[in-house]
Amino acid sequence: SGSLTFDKIHTLEEVDAYLQALTVRFPTLVTLVTAGQSFENRPIRYLKISTTNFQDTNKPVVFIQSLLHAREWVTLPASLYAIQKLVTDITDADLVNQIDWIILPVANPDGYVASHGEERFWRKNRATGYMPLDICSGVDLNRNFDYNWGRWSSDFVCTEVFHGRSAFSEPETQAVKTVFDQYGNRTQLFIDLHSYGSMILYGYGSEELPSNALTLHLAGVNMAQAIDAVKVAHNREYRVGNSAMIMYKSSGTTNDYAQSIGIPLSYTFELPASRIGFHVLGFLVDPEFIEQAGIETWEGIKTGARFVLRN
Ligand code: 0X9
Ligand code: ZN
């Protein structure tokens with residue numbers, strides 16, 4: 001019906017139905033594009049939101065991705081909330097009029113479906129064929145992009161950070177790459193939504209800093225402050241910093257790839273855990289936190305987008 005409530009985590013079918021309904025309800029504003037197919041042949045879809053059908057090439061593009069890691073469920077309502085705000089809320093009309101938006105809510109549909117079944121804490125995609133009897137399977141899609149590929153990740157399929165056979169070996173990362181190929185040169189802000197940890201991270205995962213690190217940090221602090229202004233008391237404040245310095249080293253991430261191809265403001269948001277941030281329990285989502293995560297993240301996204309428009 002083209003509208004959503006934020007009291008539950010939506011299934012893949014519900015997301016598809018919602019996106020489809022939006023194209024019917026707002027045919028001139030939104031377009032649904034299939035970027036590719038997953039390992040198990042599910043479509044990887046993104047929504048384009050534009051008042052000028054992406055024809056005005058002077059407009060900046062903002063690109064939001066979520067659910068690259070299957071178990072990080074709270075990132076889905078966060079990106080769906082942003083869609084809802086952009087298409088139905090006139091208070092942020094400037095952002096819809098002046099920016100072309102790309103929102104890719106389910107980057108890892110196979111993993112996401114598995115996480116709704118027997119594998120609630122599944123992180124990777126569902127690629128098989130690496131081991132006899134497939135005793136281990138799955139590539140960490142956030143180690144499969146082509147920047148420093150293979151350096152701070154694992155060549156062993158039984159780990160959570162298996163980087164795959166080669167950069168972009170996975171159909172899911174290839175699908176995301178088509179978006180960068182087509183719109184990367186116009187994209188001024190890229191945000192990859194993950195959980196958990198209440199952090200705004202920027203590249204590179206090697207600890208090397210992008211040439212515009214100062215601007216990245218400044219815009220990051222702006223976004224963190226906007227989020228903290230609406231956060232719930234029991235969650236800590238967001239920390240902002242280089243991903244290797246405040247979290248751990250990594251390579252082949254979407255974030256680093258986006259930065260390396262010249263997207264100036266490329267970030268990974270680590271959304272907060274609902275209440276219990278201990279080991280995998282931090283991936284479980286308290287229903288009361290779902291809408292709140294949407295509200296908070298939207299404040300961060302808006303602040304980043306307005307930073308783009310000011311600079
Ligand atoms: O390890 C990851 O892929 C991300 N953390 S998570 O707990 N969601 O798995 C962090 C990646 C951060 N690295 C860069 N942004 N370079
Ligand atoms: Zn993640």
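Let's begin with helix α1, residues 12-25, and a quick length check on this predicted model. Its 14 residues, at 1.5 Å a residue, should span 20 Å, and the end C-alpha atoms are 20 Å apart, so expectation and model agree.

Which residues of α1 are buried? Those are Leu12, Val15, Tyr18, Leu19, Ala21, Leu22 and Thr23. Keep the helix repeat in mind here: with 3.6 residues a turn, residues three or four places apart in an α-helix point the same way.

Tyr196 sits in the loop that runs between β5 (187-195) and β6 (199-202). Another cis bond joins Gly203 and Tyr204, and there omega is about -10°. For Tyr204, the place to look is the loop between β6 and α6 (213-228).

Then phi. Phe54 isn't a glycine, yet its phi is positive, about 65°. You'll find Phe54 in the loop between β2 (43-49) and β3 (61-65). Is Phe54 buried or exposed? Its relative accessibility is 8%, and the cut-off for buried is under 20%, so Phe54 counts as buried.

Leu67 is another non-glycine with a positive phi, near 55°. This one is in the loop between β3 and α2 (75-88). With a relative accessible area of 0%, Leu67 is buried.

Arg126 lies over its face, at 4.5 Å from the ring centre.

On to aromatics. How many aromatic pairs does a search of the whole structure find? The search comes back with 14. If you want to describe any such pair, you need the distance of the centres and the angle of the planes. Ring pairs also link up into a cluster made of Phe63, Phe145, Phe168, Phe180, Phe190 and Tyr257.

The largest pocket has a volume of about 290 Å³. It's lined by 21 residues, and nearest its centre are Arg123, Arg143, Met247, Tyr248 and Glu270. Where does the lining come from? β5, α8 (254-260) and β8 (265-271) are elements that each supply at least two residues of it.

Last stop is Ile276, in the loop between β8 and α9 (287-310). Is Ile276 buried or exposed? Exposed takes over 50% relative accessibility; Ile276 comes in at 53%, so it counts as exposed. Leaving aside residues up to four places away in sequence, Ile276 touches Leu281 and Gly282. And if you follow the chain 10 residues along from Ile276 you get to Asp286, where the C-alpha atoms of the two are separated by 9.4 Å.

How values were computed:
Residues numbered from 1 in each chain as written. Chains lettered and ligands numbered in written order. Predicted model: local features only at pLDDT ≥ 70, side-chain atom pairs only at ≥ 80, totals over all residues. Heavy atoms only, no water. Helix = DSSP H or I, 4+ residues; strand = E, 2+ residues; numbered from the N terminus. Buried < 20%, exposed > 50% of the residue type's maximum accessible area, 1.4 Å probe, protein only. Expected span 1.5 Å × (residues − 1). Phe/Tyr/Trp six-rings, centres within 6.5 Å; stacked < 30°, edge-to-face > 60°. Lys NZ or Arg CZ within 6 Å of the ring centre and 35° of its normal. 1 Å grid on protein atoms, 1.4 Å probe; cavity = no way out; pocket = protein on both sides within 12 Å on 5 of 7 lines; lining within 4 Å. Points joined across faces, edges and corners; volume = space filled by probe spheres on them. Contact = heavy atoms within 4.5 Å.
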